Amino acid sequence: MVVTPDTYDWARFLPNMQEGLEDPDDDICADKIREAAIDFARKSWALQREVSFVLQKDETFYPVTALPGERIAAVVGVKQERTGCAPCSGFVGRTNAGVEFDLRQNGVHITSYQDCLCRNAGQVITILVVAVPTEDACQYDVLLYEQFRAVITAEARRRYVRAHYYKDRALMQAQSSEQDFERAAILAKREATKFTTVDKGYQTPALFHGTRGRLNSGYAQARMW
């Protein structure tokens, strides 16, 4: 059974985003919130999941399925357990680890065991992926709100004000800048790749773990297609 992370509705962001705005449209505001949250998740690597699967004999492609309301934006790391025959043990810890992510097919190609007689069958591969909310997601991981509410709210508000209140110079000048948003995403990404912390606030499934991964702590970087 897969246990998904706790989620909130996009409307939770609305009170802070709409404060001081005249007759804001809830639907458009929610759309701007979703847009800003997606951009932030993609740029910050804030939402990371672990996906594990067992290698099968002569099989080189393995699909990667995202949680409901999310899509996989990238595979950023890979690690293997030391199982199988002695020649396969050398597969552990190699740079890039022979794992190539295919964004178009939403899966990974395992290529480094082609010369191994037993084909590494039975080895467990764990990949670290970056997830982002989908465009039609009604719910999102609570992490985005609880840790990044201020920056997402400010950017969504800036985008809304720019589109609907552009004649109000005072209001325009009072908003945060796009550069503020970009800097916040960069800082969050540094933290996301620095520490390995499992969120104790909710149970995470065996297939998808809510982690912020450390690429140099048991993970080798994966190649991107």
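## Surface and overall make-up

In this predicted model, the chain exposes about 11900 Å², of which carbon and sulfur atoms supply 48%. Buried residues make up 47% of the 225 residues in the chain.

The chain has six helices and eleven strands. Among contacts between residues at least 6 apart in sequence, 76% join residues that are at least 24 apart.

## Helix 2

Helix 2 spans residues 26-44 and, with 19 residues, reaches 26 Å from its first C-alpha to its last, which is close to the 27 Å expected at 1.5 Å a residue. At its N-terminal end the helix is capped by Asp25, a side-chain oxygen of which lies 3.0 Å from the backbone nitrogen of Asp27, while the residue that follows helix 2, Trp45, has a positive phi near 60 degrees.

## Strand 7

Strand 7 is largely enclosed by the rest of the structure, because ten of its ten residues are buried. In a regular strand the side chains alternate between the two faces of the sheet. Both faces of strand 7 are covered, with Val124, Thr126, Leu128, Val130 and Val132 buried on one side and Ile125, Ile127, Val129, Ala131 and Pro133 buried on the other.

Strand 2 (residues 48-54) runs antiparallel to strand 7 and is joined to it by seven bridges; within strand 7, Ile125 stands opposite Phe53.

Notes. Residues are numbered from 1 along each chain as its sequence is written. This is a predicted model: local features need pLDDT of at least 70, side-chain atom pairs count only at pLDDT 80 or more; totals for chains, interfaces and linings use all residues. Side-chain values use heavy atoms; hydrogens and water are left out. Helices (H or I, at least four residues) and strands (E, at least two) are DSSP runs, numbered from the N terminus. Buried means under 20% relative accessible area, exposed over 50%, partly exposed in between (1.4 Å probe, protein chains only). Contact means heavy atoms within 4.5 Å. Accessible areas come from the Shrake-Rupley method with a 1.4 Å probe; for residues, only the protein chains shown count as cover. The expected span of a helix is 1.5 Å times one less than its number of residues. A polar contact is a pair of N or O atoms within 3.5 Å; within protein, one must be able to donate a hydrogen and the other to accept it, and residues adjacent in sequence count only if both atoms are side-chain atoms. Two strands pair if DSSP finds at least two bridges between them.
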